[in-house]
Amino acid sequence: MQAKPIHNTSPYISPPLIRPPPVHQASLAQTITKPKPISTPVPNIDVLVPDRVLQPVKPFIEHDDSIAASWDYNFLFMSQRSETIQPIRLRVVEGAIPTDFPSGAYYLTGPGIFKDDHGSTVHPLDGHGYLRAFTFDNVNREVKYMAKYIKTEAQVEEYDQKTDSWRFTHRGPFSVLKGGKKIGNTKVMKNVANTSVLMWGKKLLCMWEGGNPYEIESNTLDTIGKFNMMDNCDLEDGDENHGVDVWEVAANLLKPILYGIFKMPPKRLLSHYKVGSSMSRLLTVSCNAEDMLLPRSNFSFTEYDSNFKVVEKQEFKTPDHLMIHDWAFTDTHYIIFANRIKLDVLGSMEAVCGASPMISALTVNPSKSTSPIYLLPRFPNTPEGKRRDWRIPIEVPSQLWLLHVGNAFEVKQVHGNLDIQIQASACSYQWFNFRKLFGYNWQTRQLDPSIMNVKGENALPHLVEISIKLDSDYNCQECDVKPIQKWKKSADFPATNPSFSGKQNKYLYSATTLGSRKTLPSFPFDTIVKFDLVNNSVQTWTAGSRRFVGEPIFAPKGEEEDDGYLLVVEYATSMQRCCLVILNPKEIGTKNALVARLEIPMHLNFPLGFHG
């Protein structure tokens with residue numbers, strides 16, 4: 001027995017399949033009636049649910065209609081309750097594992113469950129962390145797979161091992177529980193460790209956007225416990241003005257409410273970290289919890305050596321109300337792309353009363369037509385660190401909401417001028433909505449793929465290149481933003497060879513879409529794109545019809561920047577399968593790009609992963 005069988009849970013909306021001819025019905029385990037999909041007229045038909053142990057049955061539906069779109073989109077958010085007990089050898093269904101693939105492990109985290117056994121559903125961002133591991137054995141040329149839930153405090157409380165059942169008790173920032181306690185439910189900050197995963201200093205950590213990470217045993221995926229990365233990181237008051245600060249007074253009033261009543265940690269560790277390849281350092285950033293509700297932002301940057309010893313620590317306070325998910329660094333700077341937010345008074349009242357998710361207290365602030373970038377000195381006591389007033393942001397002449405950073409680097413010119421370039425994904429303030437991320441409707445508890453596929457140039461996530469030119473005194477001379485290689489299709493999860501992190505890179509990879517499917521033209525992604533930033537060329541590899549991809553990860557094996565392999569998880573909705581795909585970066589754009597495709601057993605299909 002290789003997997004611990006726990007009954008499957010249907011997704012938010014059970015995928016509507018048109019009933020096949022009677023000759024096929026004998027191969028199906030059960031026939032049940034399910035709700036209709038979102039905003040799509042569907043006949044009142046039964047939904048056919050294949051048994052996990054049987055071979056998948058190809059749905060009898062059109063490839064590009066609204067019913068297929070609903071089925072495909074919801075497949076990406078199908079709860080998986082099973083955990084592996086021991087590693088499972090994956091079957092190669094196409095190609096072969098290359099002989100020179102480096103031994104090691106690819107870890108991917110993301111939500112695993114969205115619906116409990118008592119009628120409650122949660123937003124994908126509130127789903128309990130489900131860690132997947134693909135271990136590559138170079139000697140035997142095989143890949144073994146394991147998957148387990150991260151045993152956070154919330155997961156232990158909400159999952160009953162004796163009854164093998166779930167009951168959600170924590171609201172989470174993005175969800176409202178069905179029939180749960182509304183007024184007085186202070187279980188809001190639900191650390192689900194579902195956002196990113198890090199291996200550093202021989203520690204495997206699963207991270208979340210609001211608290212300390214959880215340490216995992218790398219071989220068994222068993223949870224060791226919380227790993228405290230934010231000890232002794234209280235912000236010191238370095239402001240020369242020691243007068244009364246009205247926002248500091250407000251912060252002191254908020255702290256006992258947030259820390260005491262709502263049990264929020266004082267610091268909010270961002271789930272996105274950076275690894276500086278030139279100095280072999282891990283870089284992290286945290287924010288004050290109360291700053292989510294105040295027009296100011298405190299940032300604590302910490303740098304660790306390979307033994308997890310703190311070697312640098314800097315504190316910065318900005319007069320902007322910001323929401324930061326990802327950030328960048330160069331040899332001499334930390335870079336904060338300021339996504340402006342503001343307090344929603346009516347939404348705050350609804351959230352406190354339990355009538356809407358807690359995130360309703362915030363909304364985007366599109367009051368300015370520009371986007372501020374804070375260039376913060378990594379080494380403020382050096383001459384370079386004292387050249388400019390970092391409290392004055394550089395304004396990008398375009399309104400962008402930054403999502404993810406692929407890379408950033410700086411080039412020092414002959415006369416001391418500094419050129420900084422940032423490669424990232426961004427969307428518009430008009431599209432980004434805290435209440436509708438992934439198309440989740442907390443009132444109907446359903447997912448609507450149309451929200452992720454709206455029309456409008458630059459509304460959805462897309463790739464941008466931001467260039468900043470500073471003079472020898474680090475005063476901004478020029479700042480502009482443009483699409484990367486004029487690629488205007490929806491795209492996200494930009495990535496580079498990690499050996500070039502913080503250095504000038506020639507290549508950039510990303511998940512994107514070719515937009516060939518009318519019902520799902522922008523998301524989910526179905527293509528991996530490779531940009532040659534020097535020769536201005538673009539090459540793509542597409543997964544195929546009704547196959548979607550997640551974040552690409554580069555596994556280096558040589559000195560050349562594109563010498564290695566790309567790993568990407570593929571979600572083949574037409575076959576109801578998840579696969580691990582190995583691509584040759586040098587061959588993207590040719591028929592030889594696909595090196596191998598390995599299939600995860602059907603009963604272990606998993607939802608869309610976030611970061612690996």
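Is Ser218 buried, partly exposed or exposed? Select Ser218 and find out. Its relative accessibility is 27%, so Ser218 counts as partly exposed. Keep in mind throughout that this is a predicted model.

**Stop 1: Ser218**

Ser218 sits in the loop between strand E14 (214–216) and strand E15 (223–226). Show what surrounds this residue. Beyond its neighbours within four places in sequence, Ser218 is in contact with Tyr107, Met199 and Leu204. Ser218 and Ala133 are 85 residues apart along the chain, yet their C-alpha atoms are separated by 8.8 Å.

**Zoom out: the whole chain**

Switch to a cartoon view. The protein chain has five helices and 41 strands. Of its 612 residues, 57% count as buried. Take the contacts in the chain with a separation of 6 or more: residues 24 or more positions apart account for 64% of them.

**Stop 2**

Strand E12 (residues 196–200) is mostly covered, with four of its five residues buried. Strand E13 (residues 203–207) runs antiparallel to E12, and five bridges join the two. Show the side chains of Leu198 and Leu205. Leu198 stands opposite Leu205 in E13. Then look at the turn. Two residues lie between the strands of this hairpin, and Gly201 takes a positive phi near 55 degrees.

**Stop 3: helix H5**

Select residues 345–352, which make up helix H5. Which residues of H5 are buried? They are Gly347, Ser348 and Ala351. These three cover an arc of only 105 degrees around the axis, so they lie on the same side of H5. An α-helix has 3.6 residues a turn, so residues three or four places apart point the same way. Now colour Val345, Leu346 and Met349. They are exposed, on the other side of H5.

What covers the buried residues of H5? The cover includes strand E23 (341–343). Next, inspect both ends of the helix. At the start of H5, a side-chain oxygen of Asp344 reaches to within 3.3 Å of the backbone nitrogen of Leu346. After H5 comes Gly354, with a positive phi near 80 degrees.

**Stop 4**

Turn to the aromatic rings. The structure holds 31 aromatic pairs. Select one of them, Phe101 and Phe136. Their ring centres are 4.2 Å apart and their planes are at 20 degrees, so the pair is stacked. Phe101 lies in the loop between strand E6 (91–95) and strand E7 (104–108), and Phe136 lies in strand E8 (residues 130–137), so the pair ties together parts that are 35 residues apart in sequence.

**Stop 5**

Select Tyr73, Phe77, Phe114, Phe438, Phe493, Phe523, Phe525 and Phe610. Together they form one aromatic cluster. A polar atom of the Ser79 side chain lies 2.9 Å from the backbone nitrogen of Phe114. Ser79 is found in the loop between helix H2 (66–75) and strand E4 (83–84). Is Ser79 buried or exposed? Its relative accessibility is 2%, so Ser79 counts as buried.

**Stop 6: lysines over rings**

Two lysines come next. Select Lys274 with Trp327. The charged end of Lys274 sits over the Trp327 ring, 6.0 Å from its centre. Then select Lys530 with Tyr507. Lys530 lies over the face of Tyr507, at 4.4 Å from the ring centre.

**Stop 7: Gln421**

Finish in strand E28 (residues 418–427), where Gln421 is found. Why does Gln421 count as buried? Its relative accessible area is 19%, and the cut-off for buried is under 20%. Show the Gln421 and Gln423 side chains together. They make a polar contact with each other (3.3 Å).

Which residues does Gln421 contact, leaving aside its neighbours within four places in sequence? They are Asn407, Ala408, Phe409, Glu465, Ile466 and Ser467. Last, pick the C-alpha atoms of Gln421 and Asp480. They are 10.0 Å apart in space, and the two residues are 59 residues apart in sequence.

Definitions and conventions: Residues numbered from 1 in each chain as written. Predicted model: local features only at pLDDT ≥ 70, side-chain atom pairs only at ≥ 80, totals over all residues. Heavy atoms only, no water. Buried < 20%, exposed > 50% of the residue type's maximum accessible area, 1.4 Å probe, protein only. Polar contact = N/O pair within 3.5 Å; in protein donor to acceptor, adjacent residues only side chain to side chain. Contact = heavy atoms within 4.5 Å. Pairing = 2+ DSSP bridges. Arc of directions from axis to C-beta. Phe/Tyr/Trp six-rings, centres within 6.5 Å; stacked < 30°, edge-to-face > 60°. Lys NZ or Arg CZ within 6 Å of the ring centre and 35° of its normal.
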